[in-house]
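The report below goes through selected local features of one chain, together with the criteria behind each term. Please keep the sequence and the model in view while reading.

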Amino acid sequence: MVSKALFSLLAVLFCAQAVFGLTIISKAEWGGAPATSKTSLANGLAYAVIHHTAGAYCSTKSACIQQMKNIQSYHQKTLGWADIGYNFLIGGDGNVYEGRGWNVMGAHATNWNSKSIGISFMGNYNNDRPTAAQISVAKSLLAAAVSRGQIKSGYILYGHRQVGSTECPGTNLWNEIRTWPNWKA
């Protein structure tokens, strides 16, 4: 028998998905390897940090799944991290892909991992331009994060370059996110 609390949680998640038009491709669906360890991430976070992978752009689900596997392999096998560094990634196909997911601390921005979620766009946005579909799904993901309590409604949105010495998230994506309501200079 499913507990009332679990049923309520599932109802909230399904409603959030319906309201925000958001489907997240799970790690199981894209064939990700398990994390070697996990650290919990609190709810009510004050920040969200936007990144780009600075790698290959993908425009189909199959190409984005391959990119997810490549990124995870690089993060785990080359960098020695427990998992892919970001909480979620956004493909050029307009899908959101689960990285570490909800309530798991990422490895995306030194000194900011414990107080933010990390969302990365697959590609190099010094050259690539975010599509309308990517922008829409990113905003839906942020709205879902607020709805589920992962980040607070008055969260501050930063580009990675604001919290670290990098050109990430690339000039084209940087110029886009600076127009979003929660972005702060």
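## The disulfide and its burial

Cys 58 and Cys 64 are both buried, where buried means under 20% relative accessible area, exposed means over 50%, and partly exposed covers the range in between, computed with a 1.4 Å probe on protein chains only. The torsion about the S-S bond of Cys 58 and Cys 64 is about 100°, so the disulfide is right-handed.

The model is predicted, and local features need pLDDT of at least 70, side-chain atom pairs count only at pLDDT 80 or more, and totals for chains, interfaces and linings use all residues. Residues are numbered from 1 along each chain as its sequence is written, and side-chain values use heavy atoms, with hydrogens and water left out.

## Overall architecture

The chain has five helices and six strands, which follow one another along the sequence in the pattern α-β-α-β-α-β-β-β-α-β-α; helices (H or I, at least four residues) and strands (E, at least two) are DSSP runs, numbered from the N terminus. Of the 185 residues of the chain, 46% count as buried. Among contacts between residues at least 6 apart in sequence, 72% join residues at least 24 apart, with contact meaning heavy atoms within 4.5 Å.

Helix H3 (residues 61-78) has 18 residues and reaches 25 Å from its first C-alpha to its last, close to the 26 Å expected at 1.5 Å a residue, the expected span being 1.5 Å times one less than the number of residues. In H3, the residues Cys 64, Ile 65, Gln 67, Met 68, Ile 71, Gln 72, His 75 and Gln 76 are buried. They cover an arc of only 160° around the axis, which puts them on the same side of H3, where the arc is that of the directions from the helix axis to the C-beta atoms. On the other side of H3, Ser 62, Lys 77 and Thr 78 are exposed. The cover over the buried residues of H3 includes helix H2 (27-30), strand S3 (88-90) and strand S4 (96-98).

Just after H3, Gly 80 takes a positive phi of about 75°, and Ala 82 has its place in the loop between H3 and S3. Ala 82 counts as buried at 14% relative accessibility. Leaving aside neighbours within four places in sequence, Ala 82 is in contact with Pro 34, Ala 35, Thr 36, Ser 37, Gln 76 and Arg 100. Ala 82 and Lys 38 are 44 residues apart in sequence, yet 7.3 Å apart in space, C-alpha to C-alpha.

## Aromatic pairs

A pair of aromatic rings is described by the distance of the centres and the angle of the planes. The structure holds seven aromatic pairs; rings of Phe, Tyr and Trp (its six-membered ring) pair if their centres lie within 6.5 Å, and planes under 30 degrees apart count as stacked, over 60 as edge-to-face and the rest as tilted. The rings of Tyr 47 and Tyr 158 have their centres 5.7 Å apart and their planes at 15°, so the pair is stacked. This pair links distant parts of the chain, with Tyr 47 in strand S2 (residues 45-52) and Tyr 158 in strand S6 (residues 151-159), 111 residues apart. Both Tyr 47 and Tyr 158 are buried, and ring pairs link Tyr 47, Trp 112 and Tyr 158 into a cluster.

Ala 54 is found in the loop between S2 and H3 and counts as partly exposed at 44% relative accessibility. Asn 103 lies in the loop between S4 and strand S5 (116-121) and is likewise partly exposed, at 27%.

The peptide bond from Cys 168 to Pro 169 is cis, with omega near 20°; Cys 168 is buried at 5% relative accessibility, and Pro 169 is in the loop between S6 and H5. Within helix H5 (residues 171-177) is Asn 172, which is buried with a relative accessible area of 15%. The side chains of Asn 172 and Arg 129 are joined by a polar contact of 3.0 Å, that is, a pair of N or O atoms within 3.5 Å, of which, within protein, one must be able to donate a hydrogen and the other to accept it, while residues adjacent in sequence count only if both atoms are side-chain atoms.

Conventions:
Disulfide = S-S within 2.5 Å.
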